[in-house]
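Try each task yourself before you read its solution.

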Amino acid sequence: MTLDKGFWGPGDPVGQSIFGGTFGWPLLVARATAVERNIATLATYAERHGLAFAPHGKTTMSPTLFQAQLAAGAWGITVATAQQARVCREHGVPRVLVANQILDPAALAWVAAQTDAGFEIYFQVDSLEGVAAAAATTGVRPLPVLVEIGYAGGRTGCRSESAARAVANAVAASPRLTLAGVTGYEGGLPDQPAVAAFLDLLRTAAVELADLLPPSVIVSAGGSAWFDVVAARLPGDWLPGHQVVPVLRSGAYVTHDDGYYREHTPFNRVHGEGVLDAALELWAQVISTPEPGLAIAGVGKRDAPFDEGLPVPRAIHRSGSAVPADGLRVTRLMDQHAFLTVDGADVAPGDLVRFGISHPCTAFDKWRAIPLVDDSYVVVDVLRTYF
């Protein structure tokens, strides 16, 4: 790990304090107690609402966290690509849902081979071309697929009942495929009524395709911003002659954040159902205070997510003590520099600033190794990521 970003010492980092010289700056850490609480919170929420939970692994791509989520009762792990499914397979995940289309022949051949070997893997189809590509594979066991339902202006997914029926009929006609259910993604919709209407559309699609569906039907949806609406709409005995397996796919909850998801978590709406804690902290050094009102920290776009908000200064650390970062605000990021306005804060070169982040899905991919720390900032494990 000595060449991984943030790591200096050649020895085992476990048991070392992040302030002890074994680590350098910038450094992204995950607080173990917050991660553990978040995993338990959403596992309990899903169980309480009758949801099978397949947390989206593309958030972290950390097999250590996958195993913790499975140990807490997860039905499986969701991924976005066949490559991510390979990582899951190599690290012992027993069931994977690929929330995307797979059209590449090499990837489909791998899926077919792993299915024949007993790996449980599902993926989506939304076109006759996608069905034909999957049906062209060779193997013994049919590949389970989900018809994806979409909406105008969204990303993938059938845009009409007739399109969904045509895709489902093509799946049913192929001996290489089996229709396992329907799926959709509501995260791009603007508000709760639109999300509820889309989930009702997903249910309607399942009803309309019931003659082609198996006795146990997967109906899947859910990012991290509307899982309360998924919980209200998908579980239950609403598909006559079939058992519905409602699969929730939230992913960002595992570390939450201090920005986008702090504002958009459903727990802001459904009080008493749970609380999520920001688990990721980005530590960086002030490297310059070149003029009044301006500080430059040694952290940038290569280290911090910036697509859903800039890092949030939380505290200033100097000589073993910490004070709130009142008066500090990140206004701009360059590749390796952060511009901070200074309004009354006492900062000097060499100070450490502890930042919260916004949008964990684009934080993990910037770090190959992330120390998992206890509340005293002693490393208890190192999370490896595979992007």
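This is a predicted model: local features need pLDDT of at least 70, side-chain atom pairs count only at pLDDT 80 or more; totals for chains, interfaces and linings use all residues.

**Exercise 1.** Find out which residues of helix 5 are buried, and where they sit around the axis.

Solution. Start with the helix itself, residues 128-135: G130, V131 and A134 are buried, that is, under 20% relative accessible area. Next, look down the axis: these residues cover an arc of only 100 degrees, so they lie on the same side of helix 5. Finally, check what covers them: the list includes helix 4 (105-116), strand 5 (120-125), strand 6 (143-149), helix 6 (161-173) and strand 7 (177-184).

**Exercise 2.** Work out how strand 12 pairs with strand 13 and with strand 16.

Solution. Take strand 16 (residues 352-356) to begin with: five bridges join it to strand 12 (residues 312-318), and the two run antiparallel. Across this pairing, A315 faces R354. Now turn to strand 13 (residues 321-324), which is also antiparallel to strand 12, over four bridges. Here H317 is opposite A322. Strands 12 and 13 make a hairpin with two residues between them, and S319 in the turn has a positive phi of about 55 degrees.

**Exercise 3.** Describe the largest pocket and what lines it.

Then count the lining: 26 residues, with H56, K58, R155, Y185 and G223 nearest the centre of the largest pocket. Strand 4 (95-101) and helix 9 (260-264) each supply at least two residues of this lining. Sorted by class, the lining has nine nonpolar, 12 polar and five charged residues.

How values were computed:
Residues are numbered from 1 along each chain as its sequence is written. Side-chain values use heavy atoms; hydrogens and water are left out. Buried means under 20% relative accessible area, exposed over 50%, partly exposed in between (1.4 Å probe, protein chains only). The arc is that of the directions from the helix axis to the C-beta atoms. Contact means heavy atoms within 4.5 Å. Two strands pair if DSSP finds at least two bridges between them. On a 1 Å grid over the protein atoms alone, a cavity is a set of points where a 1.4 Å probe fits but cannot get out, and a pocket is an open set with protein on both sides within 12 Å along at least five of seven lines; lining residues have an atom within 4 Å of a point. Grid points are joined across faces, edges and corners, and a volume is the space filled by probe spheres set on the points. Ala, Val, Leu, Ile, Met, Phe, Trp, Tyr, Cys and Pro count as nonpolar, Asp, Glu, Lys and Arg as charged, and the others, Gly among them, as polar.
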